[in-house]
Amino acid sequence: MLKPRPMAVTVIGTLLVAACGAGRTAPEPSFTPTPNRPDSQSLTLPATASPDAGSRNPAATPPANTVIAASAEWAVEAGGSKLSGATALLDVAATGPRDAWAVGYQDSAEDREGTPAILRWDGSRWRQVPLGEVDAYHLEAVSAGGPDDVWVAGNGSSPFAAHWNGRAWSTHRPFGVAEDYRLADVATSGGTAWFVANGPSGAVVVEWRDGEFRNALNIEKSILEAVTFRKGHVWVAGTGETGAPLVWHGVDGSWEQTETPQIPGGRLNRVWQVSPTEVWAVGRISTAPDALPDPKGAQPLVIRWDGSRWTRAELPVSRGVLHGVTAFGPGDLWISGVDADHPGQVLILRFDGTAWSREYGPLFRAYTATQQYDETDDVGDTGLARVPGTGTLWAVGSVGIGDDERAFVLRR
């Protein structure tokens, strides 16, 4: 069985756990991005698998993916190569041109969870930052209020958080040793941090202030995946009891559920506040019951708060999943994800305040008839961060699945 990436638990019992496998030994895949081709938009990859396609199902029909010309603005960085084994980077944050953080996991496989991975950019290169011996497998999120105020959130046998004060890490257990909660995201600013988690009865919002955690909000029969925090305003997003998008807004200790478009199957993965009257949330629409939908069976979803209501945005991509969102300011919004028609390349959407445009990262792996899985050449989850004071963007993620998953870092 494939080992799905652990995500936040749902209230309907879809808590993901590591699947046990036979521990295959796969050949080390090539990780050299495929050069852009002038005719790449018309290139159609093979439509069927060969009978000797290894452990792939010979009867399976791989998708007729196309390769599209990559934007020359996006360059591959060496950060992902700093990690070992099967690796993925799930989130990224930056405080300036000489300070950025990316988190995820490494040393993973189909028969083991792996260990946390933290990379830091110092202005010239990415370096791995040791976290020490901790009871954690994966880091799901990172948020940086400054070079001496960085929080990471993840999960092991129980939820795990750690804070960097500029010199060393301090580790924390927001829920003690409870094993039936999972952290999904974190946001920090001004010495305060907010976490969203999911447990046996629903979603939980937790605040870190003055050296201790406190439970700020419980939402029954719901799932929270994302949080953003700026200028005293907290926004948390996910999926409500009815299976539609869910967003709550907190300010001065008071919480209110905002009315979102009733989109069946709408699930929000990330949220970003530009200002209290401009907030964006991104995700997907999928009726699939699992927590890891195939982008080919989902629609990308973007909703916008204008200070009084949420509205759904019309996008230039019809199939796929959106994972990351950030903005330099009003009229300069960026979103990362996967376009189902070009799943081997990172999709980047930009909104300039009037119109949407899209661009793509490089192709990391070309499809081959002998690859281990249909997803071996596909991009997984992506993370996106702006660099304050510049026009630079960082994007992270992974390509492949199982034993041959590899992390990547891109810069624009």
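Predicted model: local features only at pLDDT ≥ 70, side-chain atom pairs only at ≥ 80, totals over all residues.

**Rings**

I started with the aromatics and counted 21 aromatic pairs. My rule was that rings of Phe, Tyr and Trp (its six-membered ring) pair if their centres lie within 6.5 Å. Through such ring pairs, Trp151, Phe195, Trp208 and Phe213 are linked into a cluster.

**Ground rules**

Residues are numbered from 1 along each chain as its sequence is written, and side-chain values use heavy atoms, with hydrogens and water left out.

**Salt bridges**

Next I searched the whole structure for salt bridges and got 14. To count, a side-chain nitrogen of Lys or Arg has to be within 4 Å of a carboxyl oxygen of Asp or Glu.

I looked at Arg304 and Glu278, which form a salt bridge with the closest N and O atoms 3.7 Å apart. The two sit in distant parts of the chain, 26 residues apart: Arg304 is in strand E22 (residues 299-305) and Glu278 is in strand E21 (residues 278-285). I take strands (E, at least two residues) as DSSP runs, numbered from the N terminus.

Are these two buried or exposed? For this I call a residue buried under 20% relative accessible area, exposed over 50% and partly exposed in between (1.4 Å probe, protein chains only). Arg304 has 29% relative accessibility, so it counts as partly exposed. Glu278 has a relative accessible area of 11%, so Glu278 is buried.

Asp341 and Arg319 were my next stop; their side chains meet in a salt bridge at 2.5 Å, N to O. Asp341 is in the loop between strand E25 (332-339) and strand E26 (346-351), while Arg319 is in the loop between strand E23 (310-312) and strand E24 (320-329), and the two are 22 residues apart. Asp341 is partly exposed at 32%, and Arg319 is partly exposed at 31%.

I also checked Asp339 with Arg358, a salt bridge at 3.6 Å, N to O. Here Asp339 belongs to strand E25 and Arg358 to strand E27 (residues 356-360), 19 residues apart. Asp339 is buried, with a relative accessible area of 2%, whereas Arg358 is partly exposed at 40%. Elsewhere, salt bridges that share partners join Asp91, Asp185 and Arg270 into one network.

**A four-stranded sheet**

I then traced an open sheet of four strands, in the order E16-E17-E18-E19, with antiparallel pairing. Two strands pair if DSSP finds at least two bridges between them. Which strands are at the edges? They are strand E16 (223-230) and strand E19 (254-258), and each pairs on one side only.

Inside the sheet, strand E17 (residues 233-239) and strand E18 (residues 245-251) pair in the antiparallel sense over seven bridges. I followed His233 across and found Val251 as its bridge partner in E18.

Gly253 is in the loop between E18 and E19. With 65% relative accessibility, Gly253 counts as exposed.

**Ala94**

Ala94 lies in strand E4 (residues 86-96) and is buried, at 9% relative accessibility. The C-alpha atoms of Ala94 and Val387 are 5.4 Å apart, although the two residues are 293 residues apart along the chain. Leaving aside neighbours within four places in sequence, Ala94 is in contact (heavy atoms within 4.5 Å) with residues including Asp99, Ala385, Val387 and Trp394.

**Cores**

Last, I looked for nonpolar cores, meaning sets of buried Ala, Val, Leu, Ile, Met, Phe, Trp, Tyr and Cys residues joined through side-chain atoms within 4.5 Å. The largest has 18 residues, and those with the most contacts inside it are Trp280, Val302, Leu333, Ile335 and Trp356. The elements that give two or more residues to this core are strand E20 (266-275), E21, E24, E25, E26 and E27.

Definitions and conventions:
Phe/Tyr/Trp six-rings, centres within 6.5 Å; stacked < 30°, edge-to-face > 60°.
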